[in-house]
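Have a look first, then we'll start.

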Amino acid sequence: MFRYFGSKHSSATQVAELATIGFSGTTAADAFGGLGTIGAVLKGRGLKVTTCDVLMLPNAFQHARIVCQERPRFTRLRKITGLQTSGAILEHLNTRRADRSWLVTEFSTQRQFFTRSNASRIAGAWNAIKRWNEDDLLSESERKYLLASFLNSMDPCANTAGTYYAHLKHWHRKALKPFQMKWIPVQVGATGGQALVGDALDVLRGKTFDLLYLDPPYNRRDYSRYYHLPESLASLKQPDTNPNRASGVPIQMLDASSLIRRSVEANYLQELIHSVHWKRLVVQYCEGSEIPMSELRNMLNKAGKLQEYVLPALGYTTTAQARQHQHHIFIIDKAPGSFIAGKTITQAV
Ligand SMILES: C[S@@+](CC[C@H](N)C(=O)[O-])C[C@H]1O[C@@H](n2cnc3c(N)ncnc32)[C@H](O)[C@@H]1O
């Protein structure tokens, strides 16, 4: 899966299990959806899921995993292009080349993000998707499913340590493997959900969900800068690459930056928790982040009956690091019609 800061890929099943202990609701919202990881597991458990994010890159993944109930049929595309099967569509995308693309010049020749051969293949596939979209051959689900599949296939050949803020000095062995477009798996659920784009507070204010899951950014790291290239590709826009920046970040940065910085703060979370109607609130947060754990615990304790779980920090080896990166899962149940002054129960799982 695409490498994404804060992705809960490795802990999603465990988190969803904790989130749904003793829970009987049917709707859930994931306000800071990222790649839609938790939303997809909740959808698989039969919930009708709504996700939200400020960026188009995560929205493409969320749409493919949360909204789509099956691989889109590409009916109009098939009819007009004669590409009769999903295999023929993949084959078409995998055999495109665009040696003169801006992507080759700016992200291979000038900056070693991709080998020249991969940059040409990636640009070729992207040009085809962009053209199909401009020719009105794709529905929203088809466009987003294609883009999520494309970005998920591109990321493994990026010569990076995980984000697009810098490329590696030497070619990583994975970057040398040829780009090959594959379909992203679809998560089947009882019903398809919604994937909304925008600021969580604006988009979810006043809405009602049985379960509200919050996995906010843990620090002021700007996702729109770290993932600038896939974000431009997901938006089907050629970026206005800054020639003076080694990262290739566009000259004009996205409007989302200020919204991402705002959502890091405690008062933003506080407002969100009080603006959305929920029966159960689940907050996942990491030690050593922007909001001190004691401040967050106090805030959540006032919202309902609180239980707290600590997840072992998988992937970290030293004790100091493990402690620093432990994840806390707060589960808050609201009594019908009122807030209960919370009693904290801490458990390690
Ligand atoms: C910690 S990540 C979530 C990761 C996600 N749980 C997953 O497993 O992939 C936080 C996400 O919040 C998004 N975000 C930041 N500020 C936001 C805001 N104001 N409204 C909605 N989403 C926001 C970021 O773009 C990022 O995708």
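Predicted model: local features only at pLDDT ≥ 70, side-chain atom pairs only at ≥ 80, totals over all residues.

Q: Where is Thr-160 found, and what does its side chain reach?
A: Thr-160 is in the loop between helix H8 (140-154) and strand S3 (194-197). Helices (H or I, at least four residues) and strands (E, at least two) are DSSP runs, numbered from the N terminus. The side chain of Thr-160 reaches the backbone nitrogen of Gly-162 at 3.2 Å. A polar contact is a pair of N or O atoms within 3.5 Å; within protein, one must be able to donate a hydrogen and the other to accept it, and residues adjacent in sequence count only if both atoms are side-chain atoms.

Q: Which residues is Thr-160 in contact with, leaving aside its neighbours within four places in sequence?
A: They are Arg-3, Phe-113, Ala-166, His-167 and Leu-168. Contact here means heavy atoms within 4.5 Å.

Q: What makes Phe-113 count as buried or exposed?
A: Its relative accessibility is 0%, so Phe-113 counts as buried. Phe-113 lies in the loop between helix H6 (102-109) and helix H7 (116-134). Beyond four places in sequence, its contacts include Phe-107, Thr-160 and Trp-171.

Q: How do you know whether H6 is largely enclosed by the rest of the structure?
A: Six of the eight residues of H6 are buried, so H6 is largely enclosed. Among them are Trp-102, Leu-103 and Phe-107. The buried residues of H6 pack against H7 and helix H11 (228-234).

Q: What caps the N-terminal end of H6?
A: Ser-101 does, with a side-chain oxygen 2.9 Å from the backbone nitrogen of Leu-103.

Q: Why are H13 and H14 called roughly parallel to each other?
A: Helix H13 (residues 266-275) and helix H14 (residues 293-301) pack at an angle of about 20°, with their axes 11 Å apart. Angles under 35 degrees count as roughly parallel, over 145 as roughly antiparallel, 65 to 115 as roughly perpendicular and the rest as oblique. Therefore H13 and H14 are roughly parallel. Axes are lines fitted to C-alpha atoms, for helices over the stretch in contact, and angles run from 0 to 180 degrees between N-to-C directions.

Q: And what are H3 and H8 to each other, roughly parallel or roughly perpendicular?
A: Helix H3 (residues 56-67) and H8 pack at an angle of about 115°, with their axes 8 Å apart. H3 and H8 are therefore roughly perpendicular.

Q: What makes Phe-74 count as buried or exposed?
A: Phe-74 has a relative accessible area of 0%, so Phe-74 is buried. Phe-74 has a positive phi of about 55° although it is not a glycine.

Q: Is Asp-136 buried or exposed?
A: At 53% relative accessibility, Asp-136 counts as exposed. Asp-136 is found in the loop between H7 and H8, and its phi is near 65°, a positive value in a residue other than glycine.

Conventions. Residues numbered from 1 in each chain as written. Heavy atoms only, no water. Buried < 20%, exposed > 50% of the residue type's maximum accessible area, 1.4 Å probe, protein only.
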